[in-house]
Amino acid sequence: MSSQAQKKKKRYFKLINQIPRQELFSPGHGLCAGCTAGTIVRHLLKAAGPNTIVVNATGCVEVSTTTYPYTSWRVPWLHLAFENAAAAASGVETAIKVLQRKGVIDPNKKINIVVLGGDGGTYDIGFQALSGMLERGHNVMYVLYDNEAYMNTGIQRSGSTPLFAWTTTTPAGKVWRGERRPKKPIAEIVAAHRVPYVATTNPAYPLDMLNKFKRGLIVEGPTFVHVLQPCPTGWRFDPRYGIKIARLATETGMWVNWELDHGEFDVTVPVPRRKHVKHYLRMQGRFKHLTEEEIEEIQKWVDQEVERINKMVGRQVIGPVEE
Amino acid sequence: MAVTVQEAKVTWKRLPLSSNYAAAYAVKDLDVDVIAAYPITPQTTVVEKIAEFIANGELNAEMIHVESEHSALSATIAASAAGARAFTATASQGLELMHEILHIASGLRLPVVMSIATRALSAPISIWNDYSDLMNTRDTSWITLIASSAQEVYDSIVQAYRIAEDPEVMLPVMVAYDGYLMSHTYEPVLVPEDNKPILDYAPKNYNRIKLDPERPISMGTLTGPEWYYEFKYQQVVAMKKALEKARKADEEFKARFGRGYGLIETFNVEDADVVIVAYGGLYGTVIEAIEPLVEKGVKVGAMRLRLWRPFPVEDVKKALGNAKLVTVIDKAISYGARIAGPVALEVMSSFYHDEAKPMIMSVIAGIGQRRITEDTIREIVDYSFKVLGRGRAPEESLYWGVRGVRYE
């Protein structure tokens, strides 16, 4: 099959009206107004369907969706702790495998095992368990919803916090200018485990996101989908702008929607004409302290990243800054 | 209590096994589905032997080679949440690393079983035996059995699943024994030719509440001040029930297989002025040491604590009620407490409300596997009689056998 045909085949959802109507993530949860994590989880469950077990790391989604005696989850859901969601999913997946082999569970029934973890639970405290799960080859899809700080505990810096971003533990003052380091490239670190499928996506592109969830579930073995999750509370923006900011992240090259499918790398949302990073940064209070020079420093860093991505794809999928 | 179950016809084979291997044989005979473990001395040969069983097709199970003990227990309880019979094993630092998940296992009421080859804690690092690791788990709501022979390790792990999976209990169980002193010493152990009688005694229940797409539930939810306390009180109630369940499990085990241990074990307590209380493999040394004394007419006895949590208060009081002095030997230290022996504290509190009670003396010994021989025990017995003669037990624990400390 040509790579073009292959690509077409992976488009499980081509139009918005093909998205399943079934709601497995029920409303009434306690996520902040405008939180895009709810959008991500809702679509994740639409892609996965009811034969799914979700293992959730401690974090915003966990605390906001399961305040006893209520739950938003219409699929089986397990939360153990912060740092061990990947280990817990390893246990669930292994149990299902053995019980299917022994005939306790119908061996022909495909049960999706999905981990949902935030950036703290994935980049930082849960990283060891994640690496173990990937290396052991469990048939689990790990979904990282990345809001670039410890939002659940009140906006503290994580390994995912981008350069110069204000957080409560990287305040902007006379000496500090917010976070001092760029984001840790978690998806590439996951890819270095030689897992079959790694993708990055963003809720402003729902079909891209849904198709990647679906692909991650279909591909055997550990798969990883990294989703940018704009956070009105921690990023300091009006709750109505979450999806707009998510789109700007891709349009400025601050975020690139790519996938690595069995060694084949591609950018799934090409950006022929790129916007300047200031359009993304200026919408968010966490960057309001930045000087023109600091914004240019971020622009330079993004330019280098874009160049690197284009080299990896072998053509210019992301164009130069035009506005 | 009358036990109605007939003794099962079981063909046993006698094998030379360490306590670690005895644990592995029990796991095989219980048809455990998922084992997740991480290597740590002196536990490791448990999972090595289980791996051999799986590799040779003698056990139809999956082993998860996790990257830490934290993940070992996480994967074990998650497998249990998904409906599997699950097992892990650890010791010392590994048990400490698991500590967070110990509470989650019991809080989620997941009936997993774990064997502990007890070992001292760092720093300084020591791979040798004491019970510091186990005693640090006291308040985690795990049912805890301490075995004193390899046979008892096998039998206790079998009993452990029966207790853990009882619908009125649903709590995890630890089966502990001395690292090295038992984990790496070989004893004759009877194991069945065929595991059917074992599974008849401890049948698997795949129909318990679990992660099932047909009947979705949320496990491990956020719980506020309105409900959290009720969850925790249910654990208190389950622990209370577990005491009688553990007793019945042992009685039925004895009726079926001819071997039973009780919640405590005693030797000559009816006729003793001084009773030595110990746990784990040390009890054997205590018996060896005092048997010749009893023959000579010395009024000394012994008690072994087998069930540590829930603590069998009534059994302990019954066994020790006739004594004038009880000397509790603890292989762990609760730092900063005048009475620093965890079991000594528990024995003392058992008698607190009684008018008539024995004097109770706390002795710390065997820390980091400082040698305890029969002579050591006889010295402790001699000292106990001296204290009895003085009529007042020391108000502080005695640190027996440490350099520079002597008791007159």
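Which helix of chain A gives the most to the lining of the second largest pocket? Helix 12 of chain A does, with 6 residues; the legends below begin with that pocket.

The model is predicted: local features need pLDDT of at least 70 and side-chain atom pairs count only at pLDDT 80 or more, while totals for chains, interfaces and linings use all residues. Residues are numbered from 1 along each chain as its sequence is written, chains are lettered from A and ligands numbered from 1 in the order in which they are written, and side-chain values use heavy atoms, with hydrogens and water left out.

**View 1. The second largest pocket, lined by residues of chain A including A:K183 and A:W301.** This pocket has a volume of about 500 Å³. A pocket is an open set of points, on a 1 Å grid over the protein atoms alone, with protein on both sides within 12 Å along at least five of seven lines; lining residues have an atom within 4 Å of a point. Grid points are joined across faces, edges and corners, and a volume is the space filled by probe spheres set on the points. The lining has 29 residues, and A:K183, A:M254, A:W255, A:W301 and A:E305 are the closest to the centre. Helix 7 (186-191), strand 6 (223-228) and helix 12 (292-313) of chain A each supply at least two lining residues. Helices (H or I, at least four residues) and strands (E, at least two) are DSSP runs, numbered from the N terminus. By class, the lining has 19 nonpolar, 3 polar and 7 charged residues. Here Ala, Val, Leu, Ile, Met, Phe, Trp, Tyr, Cys and Pro count as nonpolar, Asp, Glu, Lys and Arg as charged, and the others, Gly among them, as polar.

View 2. Leaving aside neighbours within four places in sequence, A:E148 is in contact with residues including A:D119, A:K183, A:W235, A:Y280 and A:R286; contact means heavy atoms within 4.5 Å. A:E148 and A:T122 are 26 residues apart in sequence and 11 Å apart in space, C-alpha to C-alpha.

View 3. The axes of helix 4 (residues 85-101) and helix 6 (residues 127-136) of chain A come within 7 Å and cross at roughly 35°. Axes are lines fitted to C-alpha atoms, for helices over the stretch in contact, and angles run from 0 to 180 degrees between N-to-C directions. A:A86, A:A87 and A:S90 of helix 4 meet A:A129, A:L130, A:M133 and A:R136 of helix 6. These residues divide into 5 nonpolar, 1 polar and 1 charged. A:T94 also belongs to helix 4 of chain A, and this residue counts as buried at 2% relative accessibility. Beyond its neighbours within four places in sequence, A:T94 is in contact with A:H138, B:V34, B:E62 and B:I64.

**View 4. An open sheet of 7 strands in chain B.** The strand order is 3-2-4-5-7-6-13, with mixed pairing. Strand 3 (62-64) and strand 13 (307-309) of chain B are the edge strands, each pairing on one side only. Two strands pair if DSSP finds at least two bridges between them. Strand 5 (residues 113-118) and strand 7 (residues 173-178) of chain B pair in the parallel sense over 6 bridges, and B:V113 stands opposite B:V173 in strand 7. Helix 1 (residues 19-29) of chain B packs on the sheet, and its direction makes about 155° with that of strand 7.

**View 5. The largest pocket, lined by 37 residues.** About 1200 Å³ of space lies in this pocket. Nearest its centre are B:G107, B:L108, B:G220, B:T221 and B:F231. Helix 9 of chain B provides the largest share of the lining, 5 residues. The lining has 17 nonpolar, 11 polar and 9 charged residues.

Methods. Buried means under 20% relative accessible area, exposed over 50%, partly exposed in between (1.4 Å probe, protein chains only). On a 1 Å grid over the protein atoms alone, a cavity is a set of points where a 1.4 Å probe fits but cannot get out, and a pocket is an open set with protein on both sides within 12 Å along at least five of seven lines; lining residues have an atom within 4 Å of a point.
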